[in-house]
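Keep the viewer at hand as you read.

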Amino acid sequence: MKIIPTIEKYLIGILTDEFHRFTSWDNCHLAFSASQQSEIHSLELAFYLASWGMYRGSSGLLQKNHLIHRGAVDILFSHESQKLKCNSKNDVVRGNVPDILNLKIKLADHYRNIYFTKGEENPKSISPTDTLLSKILLGTLGCIPAFDRYFIDGLKEIKIQNKVFDDASLNELFDFVEENKTEIKDAQKLILTKTNQYYPIMKILDMYFWQIGYDKELMLKQEVRKA
């Protein structure tokens, strides 16, 4: 599937509604482009995650306020993490994969050490799922896509073999980047023209595969209605 037409479909919501939930990524990523952290970063991260579906009723995050993200913000503003910050002057490359995975481990340790209670249940640890951790890294540093349901469905459609947040998957995504360099750059130029914002390479991949997965579900629903 061509990248540009797929990205254009994703952009419709952003371009027609300045308050669209997709723009929560823009707000969060812009906030984390700052050189120094502040209290606002925990709030921006929390709202972005809520807007992107991570504060559903079953989530442990829902039982806490935004300040539980302070530790994650500390990690994200560490010297090592800031090397992964993606912008028009710096973007991730295959050689960053080990650093990304080390950062994943640090964030996972932070969240799994936070406990919540719901009703009269025993305390439970917040689950540092691939979806949660990848959405955090996408929204803050922009260094990987978000491994959510639609993104993974998109990977399946394009016959990407590895579909979890690990070394194999990230390397396969970099294979895709190398094979589609020109069209990815064209997509970045298109977005810059329409929004006056630079979108990192992995954000382009996130939009592309997410839209494919979303369209696949819509098509299946239409087929069911026709049956």
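Predicted model: local features only at pLDDT ≥ 70, side-chain atom pairs only at ≥ 80, totals over all residues.

Ser51 belongs to helix H3, which spans residues 40-51. Its relative accessibility is 17%, and because buried means under 20%, Ser51 counts as buried.

H2 covers residues 23-31, and seven of its nine residues are buried, so the rest of the structure largely encloses it. What lies over them?

Two packed helices are described by the angle between their axes and the distance between the axes. Here, helix H1 (residues 3-16) packs with H11 at an angle of about 80 degrees, and the axes are 9 Å apart. Since angles from 65 to 115 degrees count as roughly perpendicular, H1 is roughly perpendicular to H11. On the H1 side the contact is made by Ile3, Thr6, Ile7, Lys9, Tyr10 and Leu11, which meet Lys203, Ile204, Met207, Tyr208, Trp210, Gln211, Ile212 and Asp215 of H11. Sorted by class, this contact has nine nonpolar, two polar and three charged residues.

Is Ala187 buried or exposed? With a relative accessible area of 0%, Ala187 is buried. Leaving out residues up to four places away in sequence, Ala187 touches Ile3, Ile4, Ile7 and Ile204; Ile3, Ile7 and Ile204 also take part in the contact of H1 with H11. From Ala187 to Gln211 there are 24 residues in sequence and 14 Å in space, C-alpha to C-alpha.

Now turn to the loops and their backbone. Most residues other than glycine have a negative phi, and most peptide bonds are trans. Against that background, look at Asn196, in the loop between helix H10 (181-195) and H11. Asn196 has a positive phi of about 65 degrees although it is not a glycine, and at 66% relative accessibility it counts as exposed. Lys159 sits in the loop between H8 and helix H9 (167-179). The phi of Lys159 is positive too, near 65 degrees, and this residue, at 62% relative accessibility, counts as exposed.

The last stop is empty space. Rolling a probe the size of a water molecule over the atoms shows where such space is left. The largest pocket has a volume of about 540 Å³. Lined by 24 residues, this pocket has Gly53, Met54, Arg56, Thr131 and Lys135 closest to its centre. Which elements give two or more residues to the lining? They are helix H7 (130-140), helix H8 (149-157) and helix H11 (201-226), and H7 gives the most, with three residues. By class, the lining has 10 nonpolar, eight polar and six charged residues.

Definitions and conventions. Residues numbered from 1 in each chain as written. Heavy atoms only, no water. 1 Å grid on protein atoms, 1.4 Å probe; cavity = no way out; pocket = protein on both sides within 12 Å on 5 of 7 lines; lining within 4 Å. Points joined across faces, edges and corners; volume = space filled by probe spheres on them. Helix = DSSP H or I, 4+ residues; strand = E, 2+ residues; numbered from the N terminus. Nonpolar A, V, L, I, M, F, W, Y, C, P; charged D, E, K, R; others polar. Buried < 20%, exposed > 50% of the residue type's maximum accessible area, 1.4 Å probe, protein only. Axes fitted to C-alpha atoms, helices over the stretch in contact; angles between N-to-C directions. Parallel < 35°, antiparallel > 145°, perpendicular 65-115°, else oblique. Contact = heavy atoms within 4.5 Å.
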